[in-house]
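This report covers helix packing and the protein surface near DNA. The sequence and structure are shown first.

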Protein chains: 2
Amino acid sequence: MVKYLKIYETIKQRILEMEYRLNEKLPDGASLGKEFDCSELTIKKALDILVADGLVVRKRGSGSFVKRPLNTTTSHLHGTKANAIKHGKEVTSNNLKFEIVPADERIAERLNCNRGDLIYHIIRVRIIDSLPTVIEDTYMPVNILNGLTIEHTQDSIYSFITNQLKLKIHSSTMEISIVKANEIESENLNVPLNDKLVAVEQIVYLDNGDIFEYSISKHTTDTYHFSTNFVRL
Amino acid sequence: MVKYLKIYETIKQRILEMEYRLNEKLPDGASLGKEFDCSELTIKKALDILVADGLVVRKRGSGSFVKRPLNTTTSHLHGTKANAIKHGKEVTSNNLKFEIVPADERIAERLNCNRGDLIYHIIRVRIIDSLPTVIEDTYMPVNILNGLTIEHTQDSIYSFITNQLKLKIHSSTMEISIVKANEIESENLNVPLNDKLVAVEQIVYLDNGDIFEYSISKHTTDTYHFSTNFVRL
DNA sequence: CAGTGGTCTAGACCACCCA
DNA sequence: GGGTGGTCTAGACCACTGT
């Protein structure tokens, strides 16, 4: 692993284990550089991730301080399952569709591929702690996700991607809006027709710039909760 | 202004004006460094912001490319008014409350101040293009926002902060969930009692690490739209 | 004024992609 | 193997804070 990530993990651990306490001042850059045997810039890089995580505030002229984050970080760069497990919940999936189809105009644009390229089209209902909670409509290029089977979709596609294929997820763009449940959604999520759902549209990028997922998830409003942290760069 | 921000603005302009087109490869770091008379690291910093903006993908081994973002970027680091204006909409405000009160336990914790510190408590209904759209419940420390008047709240508090006080907004943490409208919300937003609203809870930080706002906004579901871009650092 | 973080440079070395 | 980005160093200088 890269040096600054190791340092990041170490300092994060110290904060989570209260070795560095709330509002406490961290050692300055030079001291940390000495401790971790690296340059101050590398320390800065590590601390910048903690800032992005919302765990640290850096004050020019006075120092870096531990900050209390609002949230318990549900990351949209992990799969539904990983997030649920982190909160100690059980997830099962109910496949409504698992097909390989050629990309139409709209999908090709979203996945930045050519029309006609082969695409997995997967529709799953995710059941979290026995409650149908999300219906996910997912498109993924076959040439990137080669070897994906219906068995993987029963478990976690994200684990297949990162553990089997050794691909690295880099970033995503997402949009949240509120929509009305159609008949299929109403049936599968066990809500009234036209009841409101939270729609999350997402495009997910790999490390190498390729797009591996375009998806639209619709969540029941009772269970949906999203938290994040912005930093103006 | 800082060098890397200038470079960022310049390159962003080129992308928006299609001088660099969709999927086109940007010049490499060394060339850009020559053009802008700076080191490659400074170029990297500028491009990293474009990556965070979702306008650029950098591919190790092949180059940096212009990417089409999903969204039209509604930033939660700007105020309601600035965002509305960017989309060509009219905003007016209806003040339900403008008080100075001592911070109770909960507010003091959110604002990271002491119990009893004086706090502006402001409740406003924002009317966008003649439609009551958001009800905002805002708490701000008096010692930071000194001189804030009810006139400012009719317009844009954010503009007062950045233009008058010359403070710089740095980051925020936010949480989104769905709640049911109470009587006050129902009346002011003109929706049925218990109808669903999008609740956005936010803590906003200044450049110097101080918190200047804790707020809970409730949006009508028809109009709420949120988009963002994540990068795993 | 001393302490601390932010920006910037010049250069080294490595990892990855593609022809 | 040549092109390109990512990480890292050592050191300079500037901006802001608090005493």
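## Helix packing in chain B

In this predicted model, α1(B) and α3(B) are oblique to each other, because their axes cross at roughly 50 degrees and angles of 65 to 115 degrees would be needed for roughly perpendicular, under 35 for roughly parallel. The two axes come within 8 Å. The crossing in which α1(B) passes α3(B) is right-handed.

On the α1(B) side, the contact is made by B:Tyr4, B:Leu5, B:Ile7, B:Tyr8, B:Ile11, B:Lys12 and B:Ile15. From α3(B) come B:Thr42, B:Ile43, B:Lys45, B:Ala46, B:Leu47, B:Ile49, B:Leu50 and B:Asp53. Sorted by class, this contact has 11 nonpolar, one polar and three charged residues.

## Helix packing in chain A

Helix α1 of chain A spans residues 3–16 and helix α3 of chain A spans residues 40–53. They pack at an angle of about 50 degrees, their axes being 8 Å apart, which makes α1(A) oblique to α3(A). The crossing of α1(A) past α3(A) is right-handed.

The residues of α1(A) in this contact are A:Tyr4, A:Leu5, A:Ile7, A:Tyr8, A:Ile11, A:Lys12 and A:Ile15. Those of α3(A) are A:Thr42, A:Ile43, A:Lys45, A:Ala46, A:Leu47, A:Ile49, A:Leu50 and A:Asp53. Nonpolar residues number 11 in the contact of α1(A) with α3(A), alongside one polar and three charged.

## Surface near DNA strand D

There are 23 residues around DNA strand D, of which A:Lys3, A:Tyr4, A:Thr42, B:Arg58 and B:Gly61 come nearest. By class, the residues of this surface divide into five nonpolar, eight polar and 10 charged. At least two residues each are supplied by α1 and α3 of chain A and by α3 (40–53), β1 (56–59) and β2 (63–66) of chain B. The largest share, three residues, comes from α3(A).

Sugar or phosphate accounts for 82% of the atoms of DNA strand D within 4 Å of the protein, and bases for the rest.

## Surface near DNA strand C

Around DNA strand C there are 23 residues, and A:Gly61, B:Lys3, B:Tyr4, B:Ser39 and B:Thr42 come nearest. A backbone N or O atom of B:Lys3 lies 2.6 Å from a phosphate oxygen. In the side chain of A:Ser64, an N or O atom is 3.3 Å from a phosphate oxygen, while in that of A:Arg60 an N or O atom is 3.5 Å from a sugar or linking oxygen. Two or more residues of the surface are given by each of α3, β1 (56–59) and β2 (63–66) of chain A, and α1 (3–16) and α3 of chain B.

The largest share of this surface, three residues, comes from α3(B). Its residues divide into five nonpolar, eight polar and 10 charged. Of the atoms of DNA strand C within 4 Å of the protein, 82% are sugar or phosphate atoms and the rest belong to bases.

Key:
Residues numbered from 1 in each chain as written. Chains lettered and ligands numbered in written order. Predicted model: local features only at pLDDT ≥ 70, side-chain atom pairs only at ≥ 80, totals over all residues. Heavy atoms only, no water. Axes fitted to C-alpha atoms, helices over the stretch in contact; angles between N-to-C directions. Helix = DSSP H or I, 4+ residues; strand = E, 2+ residues; numbered from the N terminus. Parallel < 35°, antiparallel > 145°, perpendicular 65-115°, else oblique. Left-handed = near helix turned anticlockwise from the far one by under 90°. Contact = heavy atoms within 4.5 Å. Nonpolar A, V, L, I, M, F, W, Y, C, P; charged D, E, K, R; others polar. Near = heavy atom within 4 Å. Polar contact = N/O pair within 3.5 Å; in protein donor to acceptor, adjacent residues only side chain to side chain.
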